[in-house]
Amino acid sequence: MALSFAATSNPSPVSPERRAEILAAPGFGQFMTDHMIRATWTDGEGEGWHSGELTAYGNISISPAASVLHYAPEIFEGLKAYRHEDGSVWTFRPDKNAERLQASARRMVLPELPTEDFLESLRVLVEADQAWVPAYGDGEKSLYLRPFMFGSQAFIGLKPVNEATYMVIASPAASIFKGGPKPITLWVAEQYARAGAGGTGAAKCGGNYASALRGQLEGAENGCDQAVFLDSSTHTYVDELGGMNVFFVTKDGKLVTPELTGTILPGITRMSILELAKEFDLTPEERKVEIQEWKDGVASGDILEVFACGTAAIVTPIGGLKWQGGEAPPTAGEHGGEVTRGIRERLLSLQQGRTEDSYGWMHRLV
Ligand SMILES: *Cc1c(COP(=O)(O)O)cnc(C)c1O
């Protein structure tokens, strides 16, 4: 039976004045809305998912023996809710997030949450907190939704959990770029990998981020904004960034991205950009990309543009590439290349409801 979420309104929500202040400059991931979603899964006795509820946002209590605190069974999703001109609130391809959460759950031996329950959880939270969805036309602001699930069974032993907790929290978000997208510089992490063959690179799990952070910091120490990770066995092929997929626009009209070999997170932005390629007269190509091809390509002009993509930043131009002992010539100019900017605007206009949703990608929440 489908989950329902019993609602208890927050008795002391953030005041409208304070909320307006927050929405004027939300940053990213700093402020949470008034409510949250919670549901529990219990194995045995035919229980499955139950106890769905919407409650006031607040701290939660779990056992110090909870599996997630020891062995890290934790998976998550990230998507954005946008207000359209008529006041309605929409999100982008949430069915794909639901399917990916299910795939992550299978890999991490957590229970799968049915798509209809996932969609309903987003709807209930956004309906309760709709005042937190930034206004139409307010730059690139959105309400970022963070569904996540973790093993909450109190048991210090390694086996599949018999209890899991699913939650959704929401946080208003501004564009990470002030005054339009600016190209970032990447550090080639040669010492650190974020995923290995047979590992969890294709699952959206918290542990991947914990392990990628060291490479990210190494990049920061070398004056870079983010790190790009290579395949862990040969350090030859480009995988992706810590939290974004990567694309190359080539001189011969191709839109190239590393193929999904199990170590790359299958981004929904990535998938959508591959489908949009034809609108830009580009041939999408998923294949292995050597880091050397990147270095040589930007030097020779065979690669015209490089960009990263993901829900949080949508599309980010990549202007520089550095590694231990070298750097590639800059690409992208001041605001990124023409194709990069075109794809970014195309996605954003669809998400904000400024153009017709010809792909049927948008899903109304409120
Ligand atoms: C979430 C994520 C992405 C981007 O996925 P989207 O569905 O486009 O937001 C890319 N790489 C990693 C490692 C991620 O966790």
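How far does a polar side-chain atom of E240 lie from a nitrogen atom of the ligand? The distance is 2.6 Å. This is a predicted model, where local features need pLDDT of at least 70, side-chain atom pairs count only at pLDDT 80 or more, and totals for chains, interfaces and linings use all residues. Residues are numbered from 1 along each chain as its sequence is written, and side-chain values use heavy atoms, with hydrogens and water left out.

**Around the ligand**
- The ligand has 15 residues around it, and K204, Y209, E240, T269 and T311 come nearest (a residue is near if one of its heavy atoms lies within 4 Å).
- This shell divides into 4 nonpolar, 7 polar and 4 charged residues (Ala, Val, Leu, Ile, Met, Phe, Trp, Tyr, Cys and Pro count as nonpolar, Asp, Glu, Lys and Arg as charged, and the others, Gly among them, as polar).

- An N or O atom in the side chain of K204 is 2.7 Å from an oxygen atom of the ligand.
- For T269, an N or O atom of the side chain is 2.6 Å from an oxygen atom of the ligand.
- Taken alone, the ligand exposes 380 Å², and the protein buries 97% of that (areas come from the Shrake-Rupley method with a 1.4 Å probe).

**Helix 5**
- Helix 5 gives 6 residues to the lining of the largest pocket, the largest share (on a 1 Å grid over the protein atoms alone, a pocket is an open set of points where a 1.4 Å probe fits, with protein on both sides within 12 Å along at least five of seven lines, and lining residues have an atom within 4 Å of a point; helices are DSSP runs, H or I, of at least four residues).

Technical notes. A polar contact is a pair of N or O atoms within 3.5 Å; within protein, one must be able to donate a hydrogen and the other to accept it, and residues adjacent in sequence count only if both atoms are side-chain atoms. Helices (H or I, at least four residues) and strands (E, at least two) are DSSP runs, numbered from the N terminus.
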